[in-house]
Amino acid sequence: MPTDRPPLAIRMHAADNVAIVANDGGLPAGTVLPDGLTLRDKVPQGHKVALTDIAAGGVVRRYNVPVGYARQSIAAGSWVHERLLDIPPARALQGLPMATVAAPDWAPLQGYSFDGFVNADGSVGTRNLLAITTTVQCVAGVVGIAAERIRTELLPQFPHVDGVVALEHTYGCGVAIDAPGAEIPQRTLRHISQNPNFGGELLMVSLGCEKLQPDRLIPPGTIALRPEGQPLNNVCLQDDAHVGFMSMIDEIVQRARPILQRLNARRRTTVSASKLVVGVQCGGSDAFSGVTANPAVGAMADLVVRAGGTVMFSENTEVRDSVEQLTSRAATPEVAEAIVRELGWYDAYLDRGRVDRAANTSPGNKAGGLSNIAEKAMGSVIKSGSAAIAHVLPPGEKLKADQTGLVFAATPASDFICGTLQLAAGMNVHVFTTGRGTPYGLAACPVVKVATRSDLARRWHDLMDVNAGRIADGEQTIEEAGWALFHLLLDVASGRKKTWAEHWKLHNALVLFNPAPVT
Ligand code: CA
């Protein structure tokens with residue numbers, strides 16, 4: 001909102017006793033809000049102002065839920081910052097409402113499609129990429145150089161291939177490979193190789209002496225990647241045949257050629273929008289996340305689900321304070337129990353490190369007006385829209401063909417770990433909201449970035465794909481923004497539009513979630 005705009009404070013629910021200041025740069029003390037309230041303090045943009053007097057110990061309510069309790073009395077018109085609030089305790093995971101909310105009664109959306117690459121397993125790629133799977137971090141340097149040679153020497157001959165992705169990661173032999181939780185990074189790597197954007201092809205590079213042997217990473221019977229009776233397509237760097245560095249590079253490049261030929265022969269065909277597998281997440285959130293970008297993504301999520309597609313929402317610590325909402329929205333009691341199981345497992349995981357979900361919020365979140373994780377969670381979970389939660393996916397698992405609709409893919413909130421796990425789940429397009437601003441991108445999948453504020457969208461005009469700040473500016477409704485995002489997704493999935501992250505080739509690393517010890 002430009003600074004010449006009249007003062008505006010946004011209240012999310014009629015029962016809230018705080019609102020957030022929408023104006024760029026915040027508002028000075030003495031400003032009179034449209035409802036007549038005078039600000040007692042300067043209130044930064046995105047931060048809360050008390051709409052009524054709040055007694056010491058009184059509840060501070062936003063989204064009609066307690067986001068904190070006042071540590072001292074707070075007069076109407078005061079800036080309600082995080083130092084004035086105690087965080088509400090996390091809701092116990094016992095006695096929750098299980099599958100109590102009826103699924104929305106909405107008509108299916110028909111007639112929406114995109115142009116994608118249909119795979120043998122029925123999944124659909126939005127990009128046509130050569131992936132190089134690796135068993136261990138030791139080979140990452142060699143694979144990086146081989147991938148660069150494939151890009152410069154081979155790719156110009158295969159114009160229908162969109163790129164080469166070296167699936168580098170930090171997994172190494174220090175990992176206690178059979179410890180509880182150690183299966184998570186292994187299955188993550190196994191499933192990422194099967195991402196729809198890689199066309200069901202496998203080119204693997206291993207070292208030779210690693211714990212995660214090729215057969216363990218891609219076991220016999222892994223459909224498509226390891227056809228019956230055929231050897232694993234693996235280049236082992238320690239093979240006696242390799243004499244000198246260039247021999248390794250040459251073999252990787254040579255093995256890439258027939259795969260590139262097959263990928264290059266593929267063409268996009270028109271498929272139903274039900275083939276979208278959208279991963280949504282947020283990073284660098286601010287108080288506008290839950291007002292503009294995340295509600296717009298929620299509206300888009302509803303449209304994708306109505307079109308028969310799949311939407312994954314994740315980020316355990318950022319939905320933990322909304323657990324009651326999630327279990328009540330579960331399609332069945334079994335789904336509700338799975339939500340409780342995943343969040344309970346995660347509580348125990350955090351407890352081992354002597355922290356809880358409150359350790360999630362960053363200095364930037366707080367500077368952006370989010371006082372604590374309870375407030376952040378309310379704004380975060382809105383990304384999931386209003387559909388019934390149809391499935392729950394443990395970290396590193398892959399969606400089965402019949403697991404469509406709204407899915408809670410249980411992952412840490414870390415942007416890179418969440419993105420990596422959503423790729424393993426089978427995501428073919430990613431939607432990422434940010435208020436503070438992050439240049440996040442993934443090599444394996446297009447990432448549509450949505451800014452929560454017009455100020456960020458203006459400054460980062462060639463990094464942000466969508467400006468949801470228009471909602472706070474009064475130029476667009478949440479519903480309109482949801483439809484615009486849905487149409488953009490179909491264009492991006494079809495390759496008709498490239499995201500800014502693709503344009504600049506901004507790629508963050510794959511980051512594995514490994515709850516197991518490292519020796
Ligand atoms: Ca995140």
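Select the calcium ion first: in this predicted model, Gln281 (OE1), Cys282 (O), Glu315 (OE), Ala413 (O) and Asp415 (OD) coordinate the ion at 2.3 to 2.6 Å. Donors are N, O and S atoms within 2.8 Å of the metal (3.2 Å for Na, K and Ca), and water is not among the atoms, so sites may look incomplete. The donor spacing in sequence reads Q-C-x32-E-x97-A-x1-D. Cys282 belongs to strand S15 (residues 277-282) and Asp415 to helix H11 (residues 415-425), so this pair ties together parts 133 residues apart in sequence. Helices (H or I, at least four residues) and strands (E, at least two) are DSSP runs, numbered from the N terminus.

Residues are numbered from 1 along each chain as its sequence is written. Local features need pLDDT of at least 70, side-chain atom pairs count only at pLDDT 80 or more, totals for chains, interfaces and linings use all residues, and side-chain values use heavy atoms, without hydrogens and water.

Colour next by accessibility (buried: under 20% relative accessible area, exposed: over 50%, partly exposed: in between; 1.4 Å probe, protein chains only). Cys282 is buried at 2%, and Asp415 is buried at 14%.

Then select Arg151, Val164, Val165, Ala443 and His507, which lie nearest the centre of the largest pocket, among its 31 lining residues. A pocket is an open set of points on a 1 Å grid over the protein atoms alone, where a 1.4 Å probe fits, with protein on both sides within 12 Å along at least five of seven lines; lining residues have an atom within 4 Å of a point. Strand S11 (163-167) supplies the largest share of this lining, 5 residues.
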